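User: I've got a structure open and I'd like to learn how to read its features one at a time. Can you walk me through it?

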Amino acid sequence: MGRLQVAIDRGGTFTDVVARTSDGKIVTMKLLSEDPGKYKDAPTEAIRRLLQQSCFPLDPTDIEWIRMGTTVATNALLERKGERVALLVTDGFRDLLHIGNQSRPKLFDLSVRISDVVYEEVVEVQERVVLFRDDCKLTDEIRGRTQQTTSTTGEKIEIWKPVDEEQLRKDLLSIKEKGISSIAVALLHSYCFPDHELRVGEIARDMGFTNVSLSHQIIAMQKYVPRAHTACTDAYLTPCLKRYIDTFSNAFDNNKLHGLNVLFMQSDGGLTSVEKFSGSRAILSGPAGGVIGYSVTSYIDSQPVIGFDMGGTSTDVSRFDGSLDHVLESTIASVTIQAPQLDINTVAAGGGSILTFRSGLFRVGPESAGAQPGPACYKKGGPLTVTDANLILGRLIPDHFPALFGPQGNEPLDVEASLTKFQELATTINSFLKDNEKKTLSIEEIAAGFVHVANESMSRPIRALTEGKGFDLRDHVLACFGGAGGQHACAIARALGMKTVFISRFAGVLSALGLALADVVHEMQEPSGKVINSENWPNINDRLKYLSNFGIEELHKQGHDRKSIVVEKYLNLRYEGTDCALMCASTEEIADSFINIFLKKYKDQFGFILPGRSIIVDDIRIRALAKSAMTIDRKINVRQQEKPVKELKKVKCYFEQGLIETPVYTIEELYANDRIFGPAIIIDPSCTIVVEPNCEATVTDCGDIRIAIEHMKEDTVSTELDLIKLSIFQNRFMSIAEQCGRVLQLTAISTNIKERLDFSCAIFGPDGGLVANAPHIPVHLGAMQEAVQYQLRLLGNELRDGDVILSNHPSAGGSHLPDLTIITPVFHENDKEKPVFFVASRGHHADIGGLTPGSMPPNSTSLLQEGAQFISFKIVEQGQFKETELIERLNEPGKQEKCSGTRTLMHNIADLKAQIAANLKGVKLVQELIDIYSLKLVQAYMGYIQDNAETAVKDLLQTIVHSLSKKENKEKVRLQAVDYMDDGSKICLCIDIDGQERKAKFDFTGTSEQVWYNWNAPRSITYSAIIYCLRAMIAHEIPLNQGCMRPIEVILPRGGNVLTSQRLVDVILRAFHACAASQGCMNNTTWGDNQATSYYETVAGGAGAGPNWHGRSGVHTHMTNTRITDPEILEKRFPVVLLKFCLRPSSGGKGQFQGGDGVDRRILFRRSMTLSILTERRVYQPYGLYGGENGQCGKNLLKRVDGRLINLGGKCSVPMEPGDTFILLTPGGGGYGKVHDEQVNDSERTEFQTFTERGSLFDYKLTQEGA
């Protein structure tokens, strides 16, 4: 007889258990995670039942091992219910984590909602370490005497200021007196010089702090912000985990787990001992088990698998192709975690996604009903959700669903509650259809429509995870698990063109099964910074061997045989001068092996390599694995010939063909090789599987369900508006634009496009009107439409298949010259004379010549001084790339006095080729869409999507008229606003809105003439600002396309620069009284020299307050959202020292709602360079509204090495000498309402929260929208 082996996944709603009992049987169990009336803790209750003990404490002698995955850490982070924490940072960086990378997570959210930081107090440690530079010209007289030493990576370090221990003890005592006992320590450059952190840690422990998380010990990786976030998260969550483990251990004899093999799942998919389980490695403890589960059960014959985990409150997707896909940095709930973690992408709210109908569009999510109140059918007053739709369609059978609902948690699903709410929604939808003279829909058609839209919205991220990274979706298997996945599996596979769905017999408890099958893992990592070559390889290899031996010994101490331990060796490699590092594993101990793997990975991902460029080892990593999985005999019996497949019953189920009598089967009655033809429903104790018509399910010899998907031809005859197809086509068009963006990122070569993702891709109709724009960079919104329509007017019938146009001129729809736009016409085989669509991409190029590096001179007086110009240049003609002519045009600015041709010619050419390749991807995808649906249908829905955007804007205008004219009962309102640029130029706006016609006129008559310098706004920028403001005032997502501007007439004086776009937004939002002014500036800062050093950044400020929110401090607003370079990267790559980067207290305007504060950023120059600044709001303050005070103006100061302080004004170019400091004080946001007015409860603004996104797709979106 063996002993009990038990794997437990404690989720948010349910706790799942897979166990091997002492007699060898595999047992599964499902309990509510919280059921205080019956037990204190679900995992220990499960063990009690398995041991068949009548009461606690538990006897551990019959237990071989316990493995657990838990959401304790995740929930504490999401709900901000962790330990009280103090954060210790280097002096000058007290607001490091509040500012973060300065970008906002949602572009159109005027309130800029970002989760609070997790620390309660901050201590600035008086210490400073700086990297040594050969080109540093600072003398001891300037910087003071320094001590030089060597870092762990072999680099030289200068200690400018040792730790002030006396002051530190005073500060720590103050923290301790406030009752805080957990601290996180994150000091600049501690990833390679940990001495100061170690000393701070010693002092803190001596003073009695019970938890001390040192950033270099948590993860020794470069990048100050994510490393500090990770240390802070560790200090915040680890005490919570320890308390939970104590509660768990209290259930056993003597309150001890000694001698009992208890392991916890980490975010990387490996198990670790109780002692080593920490908060920063526990975020994905629950979902990680599911990935291990499907990777073991569903990966057959080397066919790659998409994991699709759809539960009640979230939907996770991931990919497995023989090895686990890890990411080393990921953002969740506004916290960036630096730690190895599986790439699990939360992409939707699962069965709890709320169903709404707005402006003629079916919407599913992103809001979620959550577990409380849950869907309408849960009998707790919840809204309509995807779960309700499946119930109405007959795809969920209440008799075979756990009776856990109602006020007492003991009632079945309530069909009547769902039906009542669907009847209410049907009335609204059919009223809209009647008004538009369209056929009305039945409740079943409406419910099915919402399910279709949900499936399409979940398909989009799966396309991004596969096709967006160069993988063919059709080669993959869709592995479904989670309570709701089986209801959507066939439809999603069909939408994605996949042929097979795989559902494990353990699908309902797959995360627990994954824990049972997982390896015990010990990970180690250290920074390197060395070039990988023959000279450095012996040292790098020695470190790999040292870490490997250490990992083996750690696992051996836990009782694992050394011979059973496997060590995976990794080097995190990147090309010198780039940010894109790739984690490369090799089994060979030679440098060339790692180099070749890196080159192959880089070529596969990006389409090219960079010959001759050095490859840097950022980090050395090992992963030691001990195999100790549960043995599971998964084979099941074959059906006896005389025993037919038994139907439980038949139910009426709604599919596209209408209501169909559908047989129901229970999984327990099925045997190996049984075949079930759709439509059918298979009931599993923990999930319901819907086999759709024209699909065939087969039971494998292990009891799993494999469904073969037959693809049906789409109806391409009717072009009449179908609201369901409308929502689906919106997703399809956006997916095409997103995939173009992925190709552009993968094939580009410059940092701006490949790593900062400063680009946009879009699809346009035959008239050049915008159809879909993704991802959104606000300053590009609508502007590319102007560019495409200009080319249509100019070239007309001269466009031919194989032509590609390059344009950047403001008069031709450009924004500023460095934004180069590539436009490709799409032709159809039946009509080669005129384009049926257009695809365009706009990317920011680092340099295109002109007066200064970066091609954004603050003192240019003509466009010729700003770089190369292209009004309409056929960069490809009839398939031929015109490289010679392109080079001539890029070098043309050098003919101007004091100007240069492009300084980055090879990058320009490579990036333009990448833009052409991205457009070609879009052309192919549009043509595929036409092949599936027909040109007539695709163009019809293109028009309908634009009509829908028009409807949404008209609804907004009507709402505004009604809200502004309640007392006067007017159908027309006039809104006016004026603001001034710092040179006194006036921006005048008068908006006339006709509520009956639902139209508006934006009249800028009275605006000042063009100015001599380079901050005039062309027509395209003005359109972008208007579209941005309209979208920001609409509380839900709408298609951003040509339709948005149809109800808008714009009257403009002849007027380019992206700086002015911020002031345009201020004026428009002021006219609508939407919110107080934000900083109204991008704070453009560049520096460089003639030695190929060039740097450009835009800097955050304060956001304006609004009717029920305080303005966010230290964030980018409105038309820009650029990320700031991490302090450690900045100091490593450039000859500067960042002395200070924090908030600027009291710079936000006071009011009932306070304006956000600007920032204080101070940069010391270590050698001579030229600094250029292009800023606004240095004279005119950001306005407050309704009695709220104005925000403070910004200031640009130069502190000379001799101590003189000089005000630089708003726009200038100045030589910087070694020891000079540039002080940038950015503007605050305006306040809203009078200070003494009663405040509104901010928590009441939205009834339902959206799901928490995470994973590489979310990180990509954040990076793109932070470009």
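Analyst: Buried means under 20% relative accessible area, exposed means over 50%, and partly exposed is in between (1.4 Å probe, protein chains only). Helices (H or I, at least four residues) and strands (E, at least two) are DSSP runs, numbered from the N terminus. Before we go on, this is a predicted model: local features need pLDDT of at least 70, side-chain atom pairs count only at pLDDT 80 or more, and totals for chains, interfaces and linings use all residues. Residues are numbered from 1 along each chain as its sequence is written, and side-chain values use heavy atoms, with hydrogens and water left out.

User: How far does helix α17 reach from its first C-alpha to its last?

Analyst: The idea is to compare the span with an expected one, which is 1.5 Å times one less than the number of residues. Helix α17, residues 723-747, reaches 37 Å, close to the 36 Å expected.

User: Which residues of α9 are buried?

Analyst: Among them are S285, G286, P287, Y294 and T297. Twelve of the 13 residues of α9 are buried, so that helix is also largely enclosed by the rest of the structure. Helix α9 covers residues 285-297 and reaches 19 Å, close to the 18 Å expected.

User: Now aromatics. How many aromatic pairs does the structure hold?

Analyst: Here's the rule. Rings of Phe, Tyr and Trp (its six-membered ring) pair if their centres lie within 6.5 Å; planes under 30 degrees apart count as stacked, over 60 as edge-to-face and the rest as tilted. The structure holds 27 aromatic pairs. F729 and F733 make a tilted one, with 6.0 Å centre to centre and 40° between the planes.

User: Where do F729 and F733 lie?

Analyst: F729 and F733 are both in helix α17, four residues apart, about one turn of the helix. F729 is buried, with a relative accessible area of 1%, and F733 counts as buried at 2%. F733 also pairs with F837: the ring centres are 6.3 Å apart and the planes are at 45°, so this pair is tilted. Since F733 lies in helix α17 and F837 in strand β38 (residues 837-844), the pair ties together parts that are 104 residues apart in sequence.

User: Which residues do ring pairs link into a cluster?

Analyst: The cluster is F729, F733, F837, Y933, Y941 and Y944.

User: What about salt bridges: how many does the structure hold?

Analyst: In general, side chains of opposite charge can pair when their charged atoms come close. A salt bridge needs a side-chain nitrogen of Lys or Arg within 4 Å of a carboxyl oxygen of Asp or Glu. The structure holds 64 salt bridges. One of them joins K30 and D16 at 2.7 Å, N to O. K30 lies in strand β3 (residues 26-32) and D16 in strand β2 (residues 14-20), so the pair ties together parts that are 14 residues apart in sequence. K30 is partly exposed at 35% relative accessibility, whereas D16 is buried at 8%.

User: Which residue does R1161 meet in a salt bridge?

Analyst: R1161 meets E1097, at 2.9 Å from N to O. The pair links distant parts of the chain, with R1161 in strand β48 (residues 1159-1165) and E1097 in strand β46 (residues 1094-1097), 64 residues apart. R1161 is buried, with a relative accessible area of 1%, and E1097 is buried at 5%. Elsewhere, salt bridges that share partners join D979, R1063, D1066, E1176, R1177 and K1211 into one network.

User: Over the face of which residue does R1161 lie?

Analyst: A charge sits over a ring if NZ of Lys or CZ of Arg is within 6 Å of the ring centre and within 35 degrees of the ring normal. R1161 lies over the face of F1141, at 4.5 Å from the ring centre. R621 lies over the face of Y570, at 4.4 Å.
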